[in-house]
Amino acid sequence: MTIRIPHQLFINGEFVDAEGGKTYKTINPTDGQAICDVSLAQIPDVEKAVAAAKEAFEEGEWGKMNPRDRGKLLYKLADLMEQHQEELATIESIDSGAVYTLALKTHIGMSVQTFRYFAGWCDKIQGCTIPINPARPNRNLTFTKKEPIGVCAIVIPWNYPLMMLAWKTAACLAAGNTVVLKPVTPLTALKFAELTGLAKFPKGVVNILPGAGSLIGQRLSDHPDVRKLGFTGSTEIGKQIMKSCAVSNVKKVSLELGGKSPLIIFSDCDLDKAVRMGMSSVFFNKGENCIAAGRLFIEESIHDTFVERVVSEIKKMKIGDPLDRSTDHGPQNHKAHLDKLVEYCEKGVKEGAKLVCGGKQVNRPGFFFEPTVFTDVQDQMYIAIEESFGPVMIISKFSNGLALVLTFLVLHSICKCLTVYKLRELKDHTSNFLSIIIMNVVSFIIYFEIIA
């Protein structure tokens, strides 16, 4: 298979060099070597991309296109992504360190499904009429009409490069908006841009600007012609983006920020299944997963057995080249993140948590980090509070029931996804459980496996 990787900015339907010819090296995390030089966007490039997106929306054929025809383009793009799925998965593995089999099925497969899903929405976005009591005897008609808002800026993270692009971009395009996107891990985004050209998308509808978040992301947040910005990343940067969007032109903003999602396992669980769930919830995609279980609570009577089983499974994991189909665990995305994981584990040890296994860089080229398990983690510890965003399992035990666990979650945890595996006496606890969570946690998902 021949891999063709675009490496320039994509503005107004064309691949172009960045202002001043600036470039940077994108690094293969498997060996730490440069893959290629990628154009590094500058402020003038942002101006060009936003202007192209605005013109495509206001003056071009995209803004005048029938929604059903827009849907056909999205379907065609999804078909092209599927035709190039092996190439996209290979690029994703080389550039992000994702294991190829996971990249093919999840990173790329779900991206294709996302575009097909939103393609079907194009001609189904509609308003409604609203019955009213007329204040005067003449006839009145009140209705809503849903319209695209214009240029949307998208700033995506590095953990799922193509899938994060798909989740945000497909919805924007289905609604008739135009897009300026800033990726961190750039190569699949640039390959995607190439495919939009093959699908015959009008110029200016999709624009891709690899570059520094502090420069490009900030300018997109400040830009008066950007009507909406979507961002996934850290809470700290999200606060700055929200402020900039408000001050500039009160643009709409969607933020997906940091979290520390717990997994609670009770003693009456199916232990085999609980171990599988625990492993996948922490080590999936090398732990670079926004809904990873940041902390596990294990009932005391099964705690030691659970830990032993997890360590046994970790020893079976094959760490290696993500392009090797037998690899289970690839490298972390980049060197700075690897260094943060090393520091994270050092803090855990210093504060008194027990390092059961892992905790350090694998002795081989590249950015590989050992799957790690900590036990005896106390509530006030750094690793109990902060997200690792890596393959680090944080385990605490509990003995006196649900109330203690919920008290901690409500008072100390930022909860993105709350997973409760086999909640005992569900009928007796559900009402109090839900009322406590609803009162204190803004956004949550609860999965119950009910015992018959």
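**Exercise 1. The nonpolar core**

In this predicted model, find out how many residues the largest nonpolar core has and which of them have the most contacts inside it.

*Solution.* Start with the count: the largest nonpolar core has 48 residues. Next, pick out those with the most contacts inside this core, which are Met81, Phe115, Leu173 and Phe201. Then ask where the core comes from: the elements giving two or more residues to it are α3 (67–83), α4 (85–96), α5 (100–119), β7 (151–155), α6 (161–174), β8 (178–182), α7 (187–198) and β9 (206–208). Of these, α6 gives the most, with nine residues. Finally, look for another core: one of 23 residues lies apart from it, and Phe306, Val310, Ile314 and Met393 are among its residues.

**Exercise 2. Around one leucine**

List what leucine 173 touches, not counting residues up to four places away in sequence.

*Solution.* As a general background, nonpolar side chains in soluble globular proteins tend to be buried together.

**Exercise 3. Helix α3**

Describe α3: its span, its buried residues and what covers them.

*Solution.* First, the span: α3 has 17 residues and reaches 24 Å from its first C-alpha to its last, close to the 24 Å expected at 1.5 Å a residue. Second, the buried residues in α3 are Arg70, Gly71, Leu73, Leu74, Leu77, Ala78, Leu80 and Met81. Third, their cover includes α2 (61–64), α4, α5, α6 and α7. Last, look at the start of α3, where a side-chain oxygen of asparagine 66 comes to within 2.7 Å of the backbone nitrogen of arginine 68.

**Exercise 4. Aromatic pairs**

Work out how tyrosine 117 and phenylalanine 118 are arranged, then do likewise for tryptophan 158 and phenylalanine 389.

*Solution.* The structure holds seven aromatic pairs. For tyrosine 117 and phenylalanine 118, the ring centres are 5.0 Å apart and the planes stand at 85°, so this pair is edge-to-face. Tryptophan 158 and phenylalanine 389 also form an edge-to-face pair, with 5.4 Å centre to centre and 85° between the planes. Now locate the partners: tryptophan 158 is in the loop between β7 and α6, while phenylalanine 389 is in the loop between α13 (382–385) and β16 (392–398), 231 residues apart.

Are these two partners buried or exposed? The cut-off for buried is under 20% relative accessible area. Tryptophan 158 has 16%, so it is buried. Phenylalanine 389 has 18%, so it counts as buried.

Conventions:
Residues are numbered from 1 along each chain as its sequence is written. This is a predicted model: local features need pLDDT of at least 70, side-chain atom pairs count only at pLDDT 80 or more; totals for chains, interfaces and linings use all residues. Side-chain values use heavy atoms; hydrogens and water are left out. A nonpolar core is a set of buried Ala, Val, Leu, Ile, Met, Phe, Trp, Tyr and Cys residues joined through side-chain atoms within 4.5 Å. Buried means under 20% relative accessible area, exposed over 50%, partly exposed in between (1.4 Å probe, protein chains only). Helices (H or I, at least four residues) and strands (E, at least two) are DSSP runs, numbered from the N terminus. Contact means heavy atoms within 4.5 Å. The expected span of a helix is 1.5 Å times one less than its number of residues. A polar contact is a pair of N or O atoms within 3.5 Å; within protein, one must be able to donate a hydrogen and the other to accept it, and residues adjacent in sequence count only if both atoms are side-chain atoms. Rings of Phe, Tyr and Trp (its six-membered ring) pair if their centres lie within 6.5 Å; planes under 30 degrees apart count as stacked, over 60 as edge-to-face and the rest as tilted.
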